[in-house]
Amino acid sequence: MDSYQENHQEEIEYLKKTLAFIEEEVKKEEKNLEEKKSDLIAAKKDMYENTVHIASDFESLVDINLHLMQVNNHISGYDTRRIKNLKKMINSPYFGRFDFIEKGFNEKEKIYIGLYNLMDKNTGEVYVYDWRAPISSVFYRYELGEVMYDTPAGVSRGDVSLKRQYQIRDSQLKYFFDCSVRITDEILQEVLSHNTSAKMKNIIETIQKEQDVIIRDRDHELLIVQGVAGSGKTSIALHRIAFLLYEGLNTNLQSKDVIIISPNSVFSHYISSVLPELGEENVRQSIFDDLVLEVLQGRFGKETREMQLEALIHSRVKIGDEGRKKSIDFKGSRVFKKILDRLLWHYAHRLIEFEDVYYNGTILATRQQLKNRFLHNEIGIPMAKQLNKIETILLQKVHPLQKKRLKRLEKIVEKSEGHEFEIKSFSRLLAIKQAVAFRDRIQKFTKVDYGDLYTQLFKNRGLLHKLAQGLTLPENINEIISTTLQNLEEGQVHYEDYAPLLYLKLKVEGNNVVSGIKHVVIDEAQDYTPLQYEVFKILYDNATYTVLGDIRQAIEKPIDYSLYDDVSEILNKGKTIKLSLNKGYRSTCEINAFTQKLLGEGNQHDYCSIERYGEEPKVIQRETLEGIDQSIIADIGNYTQQGYESVAIICKTQKEAEKVFSRLKKSVQLTLIKPQEGEVIKGALVIPTYMAKGLEFDVVIIYDVNKENYVSDFDRQLLYIGCTRALHRLVIYHKGDKSPLI
Ligand SMILES: Nc1ncnc2c1ncn2[C@@H]1O[C@H](COP(=O)(O)OP(=O)(O)OP(=O)(O)O)[C@@H](O)[C@H]1O
């Protein structure tokens, strides 16, 4: 036998042994589960039959029941998860191996790496190491030779003499090969040459070194990643969560303690299967609009981010109509945050009209006393709570006086005519009326409403200008003031007002809604304004953060890397690091070269692409829209025949997408993706650019990139986002002259 055959034989044996062990474990766990279920049923039966004798009251009965439910959930949750994980491993128990001699030891260990740990508890033999285990980092980071890796007990060193990769599918060893480099480009190219799927997939078999460094970072409280399109930011974010949860076994981080902030619900669906695939369920996902709804509870209307973008794109068509854009920039800025802080200060010091409080001729507190108490507030207590406390104190003071007053009232009523038979009840009624009047009087200065406060900023003539002293305001500030006031009075504010309103509410009332989050992942970080980060900071103050974005994919903002400095200053974490990724994995080299050119002079950046070749992108002119439609119908047929499974027709706006959809649907099977709607399915679909963010498709067709439709830098960014969604093919159609941007 030659050495390959020997190795092959050895690997077949090892696979057989591992699979047999997994199957044995599954059987054991299933038996275990059955026994536990029977025990539980018996315990329940016993409880129902006997509790009446032992549970002395209803409360203890409830307690027992609750306890049993918890035990029940705990047992079945843990056991079924382990069985599920083991079953997943039957398909492919591991994908990599390295042979390792730890410094100071002689014995060579074969370290197999897979989805989860697989250990024989009786013998201590480890069949497979979880890809997240400390030792597994060697596989992702090193070639042959000397290596080191972090363990909870410190750094371990050693020597790697062999690295091997496998493809095992349906429990069969398809192939394996030895590699001296980290992860060979061939296997990566092979993985990337496949079609994309309706749901994002995990990348554990081919994580790259620079990605692994981010995934396993434990040293920083704020980790910022600037990565080019397709560099794996979203994948990394999800694998990082899985890693932190694995580590969480030591640090007590659980899936319910983690939240992912993603751009929209279509994207949320797209990424929703990665963590469950990696064995981690129940991580919360939220979009900013959910937070708005949760905190503001629909009080100021329901404009969504998509509606804002749609309005913005349409307003751009009218040259010179920059009002909304300036308002968006201003209301998201740190300047506006300063104005809001000054507004809060001004309200506390100047606008609350404290009064002397009398009751029945007795002074309870002077105006100055109340003001002093309020301003020398215990640090950190929100304004509304502090005022509420003042109200409670005044009510407590007045309470004994009200009792005396009731007695007095009874005497008065007794003497008056017409109430002889209802002295008590009539006196009480009078007392209640007086108490209400008293409370209303003090509530004039103890109630503060964040919405009214925001309105005052725009309604109170000159207030905003006064508060903005020393700050630079946009040229159209007066227009912004009048439009905002009008919207507030109509109860329908713009999306850009939500962050300031949230900020004011959280500052005024404190954070009553969200708690317990220990780690926050913000994807598509470039899409949030500094003020939105201020809101995140208040909502998740004690959490650590992973923030990932690509400044070139900002939709309505100029390319400006200072956002990351703002994020770092605002979140203000002790240990912060900013890392960059400049290798794209999604698209072919031809598509990458095309999209880099799109960025325009001066905006290109350090970029490299994985070596995967395909066809040149096509830019095709048609005389009419009908001509474009006919070509697209033919394209969908051709590309589907060639085996591509997802073809996206990307339009500039939702309106355009709807029109294209209604024309094309007569001739071809396709889906229109709408904001707020669930999943992107496979096949042909029509989608507006901003909804396609973060997604990817085998074939991307960009609709009508003509010289009127795509002209500004803003359009360039939209076009860039659209084109970078393509894996294998990119086609651009235009009616008449093409856009000067391509
Ligand atoms: N190490 C890897 N191995 C295999 N595939 C990878 C790897 N890294 C990234 N990919 C693939 O590249 C594609 C892009 O990844 P992802 O969507 O995470 O990138 P991104 O940086 O978030 O992209 P964008 O900012 O453009 O939305 C995905 O198909 C992902 O599976």
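Cys651 stands opposite Pro688 in β21. Two strands count as paired if DSSP finds at least two bridges between them, and helices (H or I, at least four residues) and strands (E, at least two) are DSSP runs numbered from the N terminus. The model is predicted: local features need pLDDT of at least 70, side-chain atom pairs count only at pLDDT 80 or more, and totals for chains, interfaces and linings use all residues. Residues are numbered from 1 along each chain as its sequence is written.

**Chain overview**

- The chain has 26 helices and 23 strands.
- Along the principal axes, the C-alpha atoms of the chain fill a box of roughly 120 × 80 × 55 Å.
- Of the 742 residues in the chain, 36% are buried. A residue is buried if 20 or more other C-beta atoms lie within 10 Å of its own, exposed if 12 or fewer, and partly exposed in between, with C-beta atoms placed from the backbone.
- Among contacts between residues at least 6 apart in sequence, 74% join residues at least 24 apart. A contact requires C-beta atoms, placed from the backbone, within 7 Å.

**Sheet with β18 to β23**

- This open sheet has 6 strands in the order β18-β23-β22-β19-β21-β20, with parallel pairing.
- β18 (618–622) and β20 (671–672) are the edge strands; each has a single partner strand, so one side of each has no neighbour in the sheet.
- Helix α23 (residues 625–641) packs on the sheet and touches β18, β19 (646–651), β21 (683–688), β22 and β23. The direction of α23 makes about 160 degrees with that of β23; axes are lines fitted to C-alpha atoms, for helices over the stretch in contact, and angles run from 0 to 180 degrees between N-to-C directions.
- β22 (residues 697–702) and β23 (residues 726–735) pair in the parallel sense over 5 bridges, and the bridge partner of Val700 in β23 is Leu730.
- β20 and β21 run parallel and are joined by 2 bridges; Leu672 stands opposite Val686 in β21.
- β21 has 5 of its 6 residues buried, so it is largely enclosed by the rest of the structure.

**Strand β19 and Ile650**

- β19 is mostly covered, with 6 of its 6 residues buried.
- Ser646, Ala648 and Ile650 are buried on one side of β19, and Val647, Ile649 and Cys651 are buried on the other.
- In a regular strand the side chains alternate between the two faces of the sheet.
- β19 pairs with β21 in the parallel sense over 6 bridges, and with β22 in the parallel sense over 4 bridges.
- Ile650 stands opposite Ile687 in β21, and the bridge partner of Ile650 in β22 is Ile702.
- Leaving aside neighbours within four places in sequence, Ile650 is in contact with Ile687, Thr689, Ala692, Val700, Ile701, Ile702, Tyr703, Gly722 and Arg725.

**Nonpolar core**

- The largest nonpolar core has 163 residues, and Ile241, Ile650, Val700 and Ile701 have the most contacts inside it.
- Such a core is a set of buried Ala, Val, Leu, Ile, Met, Phe, Trp, Tyr and Cys residues joined through C-beta atoms within 7 Å.

**Sheet with β8 to β15**

- Another open sheet has 6 strands in the order β10-β9-β13-β14-β8-β15, with parallel pairing.
- β10 (284–286) and β15 (576–581) are its edge strands, and each pairs on one side only.
- Neighbouring strands of this sheet are turned by 15 degrees against each other on average, direction ignored.
- β9 (residues 258–261) and β13 (residues 519–522) pair in the parallel sense over 4 bridges, and Ile260 stands opposite Val521 in β13.

**Ligand shell**

- There are 24 residues around the ligand, of which Thr206, Ala229, Gly232, Lys233 and Ser235 come nearest. A residue is near a molecule if its C-beta atom, placed from the backbone, lies within 6 Å of it.
- α4 (185–192) and α6 (233–251) are the elements that give two or more residues to the shell.
- By class, the shell has 7 nonpolar, 12 polar and 5 charged residues. Ala, Val, Leu, Ile, Met, Phe, Trp, Tyr, Cys and Pro count as nonpolar, Asp, Glu, Lys and Arg as charged, and the others, Gly among them, as polar.

**Arg169**

- Arg169 is found in strand β6 (residues 154–169).
- Arg169 counts as exposed because it has 10 C-beta neighbours inside 10 Å.
- Not counting residues up to four places away in sequence, Arg169 touches Asn91, Ser92 and Lys174.
- Arg169 and Asn91 are 78 residues apart along the chain, and their C-alpha atoms are separated by 5.6 Å.

Definitions and conventions. Contact = placed C-beta atoms within 7 Å.
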